[in-house]
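Trainee: I am new to this entry. Could we go through it one piece at a time?

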Amino acid sequence: MSDVVEKTLTALPSLLSLDSQPGSAKLSSTSKLGALIRGITELTSKHEEEKLIQRELASLKDQVSSPNTSMRQMKEAMVRAIYCEMLGYEASFTYIHAIKLAQQGSILDKRVGYLAVCLFLNENHELLLLLVNTVLKDLQSTNLIEVCMALTVVSQMFPKDMIPAILPLVEEKLNHSKEIIRRKAVLALYKFYLIAPNQVQHIHNKFRKALCDKDPGVMFASLHIYLQMIKDNPEGYKDLTASFVTILKQVVSGKLPMDFNYHSVPAPWLQIQLLRILSILGKNDQNASEIMYDVLDESLKRAEINHNITYAILYECVKCIYTVYPNSDLLEKAAKCIGNFVISSKINLKYLGLKALTFVIQQDPKLALQHQMTIIECLDHPDIIIKRETLELLFRITNAQNVTVIVEKMLEFLNQSKDDHTTIDLVGKVAEIAEKYAPENKWFIETMNTVFSLGGDMIQPDIPNSFLKLLSEGFDSEEENRKLRLFAVDSYISLLEGETRKLPQRFLQVISWVLGEYSQLRTDLDPARVMTLLTKLLDMKQTSSETKTWVLMAMTKLCSGEASISIAQSVCDDHSSSMDTVLRQKAHELQLLSQDSALRGRLLPLHRASEPIEVDSSLSFLDAFVSEALAAGAAPYKPPHQRQEELAQEKALSLEPYALSLPINMSSCNLTGRQSPTPMSVSSGLSGDSTELSLKGSSTALKLEGVKRVWGKEGYLSKKDPVEEVVQAENPSSPSQPTGAGGTPNDKLTPRATPEPDHEKQQLASSLFIGLGSQSSVCLMEKSDPMVQRFRRKAKTPNSFSGVTERGSVSSISTSAAVDNLLCTNIPESASVVPEVTHEPSPPSKTELDASLSVDIIDSTPSLVQSNGVETPLDLTENEVTDKSKDECSSISLPAKLSGLAHSEITSLCSNQSMEVSACHVHKDDCVLLVIFILNSSDSDIENARLHVSSEQLEVSLSESPLQDIAKDAIAVCQYSLTVRSPVVHFEVLGMLSYQSSLDNQEVEFSYKLPLTSFIRPLEVSTEQYGTMWLTFSNDTKQNLALVTDGQDPLTDTLDLLKKKLGLHVVEMIGKL
Amino acid sequence: MWTVPPSSKQMHFLLLFSRQGKLRLQKWFTPLTDREKKKVIRDMMLMVLSRPPRTCNFLQWRDLKIVYKRYASLYFCAGLEDQDNELLTLEILHRYVELLDKYFGNVCELDIIFNFEKAYFILDEFLMGGEVLETSRVAVAGSLEEADTLQETMEEYMSRPAY
């Protein structure tokens, strides 16, 4: 090899000087290609060019098919063919010759042959099969250049099915002595991984070797594979985090050879690749993230040179910092960095800054406030791309208060934009936020009108669909519904009275549906008038037959009264002989129904659109048939997605244990559990069929905290007074001043322009960024849906501490059940729950504990027991009231009748100077008993105590012992039986205790929460029984789970954990999965 | 309709065209039909050539981000996925120009017109399957020279009528 290199060095100057001669005279004078190129440049018209090329192609055809053409000439012809193809003329007759050239030519002909193949054919071309043998031969060649060429072509295109044929050879090349071969081999394998991941699974350990290769180029190439593999399964490569960090550290500090530098930045591509990998590894993983904080900091610091490539690194770094587990110090620096981007005068940087801001804003809305003036400026930027990016940013921060301004800006942009794709995209966004946050009916209808007219017929079909659904299903308030519909009708009537020719078909369809359905709501409107307007649409030339069908349907609903019937008749005459069968059918229907009003009344009852039509979607009438078939040995039905998955799995024979990637691993479970008021939220998160929880799960994606949903299935929710808010925000520095990380003062970034436009902008800013400052999203990782939050806030009664105390595990419940206090300790079926036995030391009275201390004290329960010296537990019988001396700890325990049953821990609900209330629930076979303990801790007796307990979702009935007076230091016990009225994830029982203490009447409110699982009782079903009933249980829920990795058999361990902790049951699997 | 392939590639295509709208080089890293390719080429030229000066070098086209840069009379234009790093791609284009420059020596459009196959070879050494293969300038040049030297010696050898 060394003499080749020597030759290179000697040949280099002459080579370069030859090639750099102006106009490449050498080539153009001699070659046919030169003649062709010059011929074309001299031509003036497209027509002449076409003629010339056709001539050229004809001569090429002769040349390549002639047996006398040498490979050398063939190579030259191939270059000309490539040129013709580049000009857009097809030269498919040369394809086979290109393959032949690659096969038979000498080394430099081969090279052109391979190039031609790559340019002519794409991955799916059938001729590629002919190339396999050639590649195979070249891979085995002793000539390095041939091997290189083969690897290059393999990495560009190779038939998927033929990979196994060459895989061993490529694999072998990983050990080649030349680094360029190793590098290319790694990239070829990367390509294989992309198109057929299962085929390269067995060489994963060789990738590790490539990662440790002494040549940085090979290591870099292997990062492509790692990035992809880590994307697919981040859990599997956590152990490499430290290695990647070390590599990045070395790169950043310039340990690589100089020739990897690019504009004196050490290996930027390598850095960026590593940053991407790290961001995936560190996502939602505190431990992994902590390892990388140092190097991220270092990268931020090092990237100082004022060059695009450093900005590219910075951008990637910022993205990484915001993706991994948050570190306040780094976040601050990253925010500063984004700030520099955004205010940069370089337009490319500004663009990237906006993009970064859009990315970050989901996690840190306050950052938008800092840059509000810049964002406003970007909205008016002359470059449309910048504007577009800014709108994208605004879309992310939309809330109920700024929606009108943002929608206005978007529509403004839509009016200017001519690009279809942008229009479709933006129109969808406008519709989405308009529906979500619409402040009022009029605005909503008008906005949607604009959306429909601007979006034209390219609009995504779900926009009109969901709009109509919203209108028909309406929301809770019937009055609001009526108003909205009336407004829509009015608006459409006036639209139809104007110029209708420009309205898109989709919009016309919406209009005719709404008019057909709701124009009767307006009693002063003559149906005949609506009919006339609709007829106008039918007569228009550009109306499509689909729209006409909609119009006819609307007419069918409308025609009542003589005038309309006569209009209907004439319409029917026109269309009943239409060529379009659907149209003809509708016309006939119209004709029949307009004559028979009784039938029409039955078919299309007025104002019934919102009532659901009963459809047996489970096809239960087929049950008998299905169970018969199942009994006869038929395979059970699988939904299409499952079938597809299985198909995919079958194709790709998996050799590795299933390592599933998980949105909910155990650590994140803990987080959610802590946040929610009851310990059960974890299990409900897994069961996945609660809307509340699924919202929470998806909240990482888009939703901003504090965003209010105004408009939706739940109905039109009351709106805040926007005017007041605007006034508040008028002075942007006071309400909107960011309080958290990265608090660069506003004024620094606010350009000091002339006061007046500045003022205008400030106003715009205040209306745009309203509602962002109020949110305090300290925690970046977990977000809860605002709806849920509000609900929670309401639910909390002032005295309730149940949310805090419930977390503590109490020794009265057997240890096995209290293993993990965040997971529920009260699963009814868990037989291991040892009922409280009187010989055990009873738990210290919760009610005695000062609420403010609750957490710490509960954790140290055992020591409390000792220090308090509770010797003998008290055997409380029903209604028994125990007197104890004041300084001794009085303890609460269940009535004896109930003590044998599984029950939850006793939690303190509220307390005041005179009394304390605590409660627990007991699982009985037929219901759940709520047991409430009231301890009179005052000096005097409590009289006339009355307890009122109610719940929205539960039937509450008093099962025993109405209250009377409670003596001093005594405990009264009340029992209520609870049965489910309507299932929700968390039940809440509200209680009110009114009593007369020594002085006056007092009232105490409290709330008690129960998880849904308390009400669930196991149902014994055999697999066969399940098989026959499977249709009725067709509630499919899929959930990815991280396997517990510490055991020997991860799958079984995980399943056991699920069974134990969440009360899930594994149903036997029939057949293979 | 344009569909983004499942694999996440750095780059979907790279086009070189002149100010007059003549295609000089095309490289596709995702399989497309000829019709789609023609559509992409036409759209790119329309969009890029109509951009006013002093605007940013990024565009949105369907689901793709377009990064383009003008070098003398030649436009370099790359299509990449939305979440990719545009600035980095801009530097990839620049690096490619640097490589061309090093190979041709003060490269101009004519060099690429007449020696487009060389431009393709350089690109193949630099980008493989849409990913940066070789970040070291020396190495790219080195492997090209190796091949070229061989070419020279072979040509010498072939032209000799000795055998």
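Mentor: This is a predicted model. Start in chain B, where strand E1 (residues 13-18) and E2(B) are joined by 5 bridges and run antiparallel.

Trainee: Which residue in E2(B) stands opposite Leu14(B)?

Mentor: Strands of a sheet pair through backbone hydrogen bonds, either parallel or antiparallel. E1(B) and E2(B) run antiparallel. The residue in E2(B) opposite Leu14(B) is Lys27(B).

Trainee: In what order do the strands of the open sheet in chain B lie?

Mentor: The sheet has 5 strands, and the pairing is antiparallel. Neighbouring strands are turned by 20° against each other on average, direction ignored. The order is E2-E1-E5-E4-E3.

Trainee: Which strands of chain B stand at the edges of this sheet?

Mentor: An edge strand here has a single partner strand, so one side of it is left without a neighbour in the sheet. The two strands in that position are strand E2 (23-28) and strand E3 (58-61) of chain B.

Trainee: At about what angle to E1(B) does helix H1 of chain B run?

Mentor: Helix H1 covers residues 34-49 of chain B. H1 lies across E1, E2, E3, strand E4 (64-71) and strand E5 (74-81) of that chain. Its angle to E1(B) is about 55°.

Trainee: Turning to chain A, what share of its residues count as buried?

Mentor: Chain A has 48 helices and 12 strands. Of its 1073 residues, the share that count as buried is 52%.

Trainee: In E6(A), which residue is the bridge partner of Cys910(A)?

Mentor: Strand E5 (residues 907-911) of chain A is mostly covered, with 4 of its 5 residues buried. A hairpin through 3 residues joins E5(A) to E6(A). The two strands run antiparallel and are joined by 4 bridges. The partner of Cys910(A) is Val917(A).

Trainee: How are H23(A) and H25(A) oriented to each other, and why?

Mentor: Helix H23 (residues 403-416) and helix H25 (residues 441-455) of chain A have their axes 11 Å apart and pack at an angle of about 20°. Angles under 35 degrees count as roughly parallel. Therefore H23(A) and H25(A) are roughly parallel.

Trainee: How many charged residues does the contact of H23(A) with H25(A) have?

Mentor: From H23(A), the residues that meet H25(A) include Val407(A) and Leu411(A), while those in H25(A) include Trp443(A) and Thr447(A). By class, this contact has 6 nonpolar and 4 polar residues, and the number of charged residues is none.

How values were computed. Residues numbered from 1 in each chain as written. Chains lettered and ligands numbered in written order. Predicted model: local features only at pLDDT ≥ 70, side-chain atom pairs only at ≥ 80, totals over all residues. Heavy atoms only, no water. Axes fitted to C-alpha atoms, helices over the stretch in contact; angles between N-to-C directions. Parallel < 35°, antiparallel > 145°, perpendicular 65-115°, else oblique. Contact = heavy atoms within 4.5 Å. Nonpolar A, V, L, I, M, F, W, Y, C, P; charged D, E, K, R; others polar. Buried < 20%, exposed > 50% of the residue type's maximum accessible area, 1.4 Å probe, protein only. Pairing = 2+ DSSP bridges.
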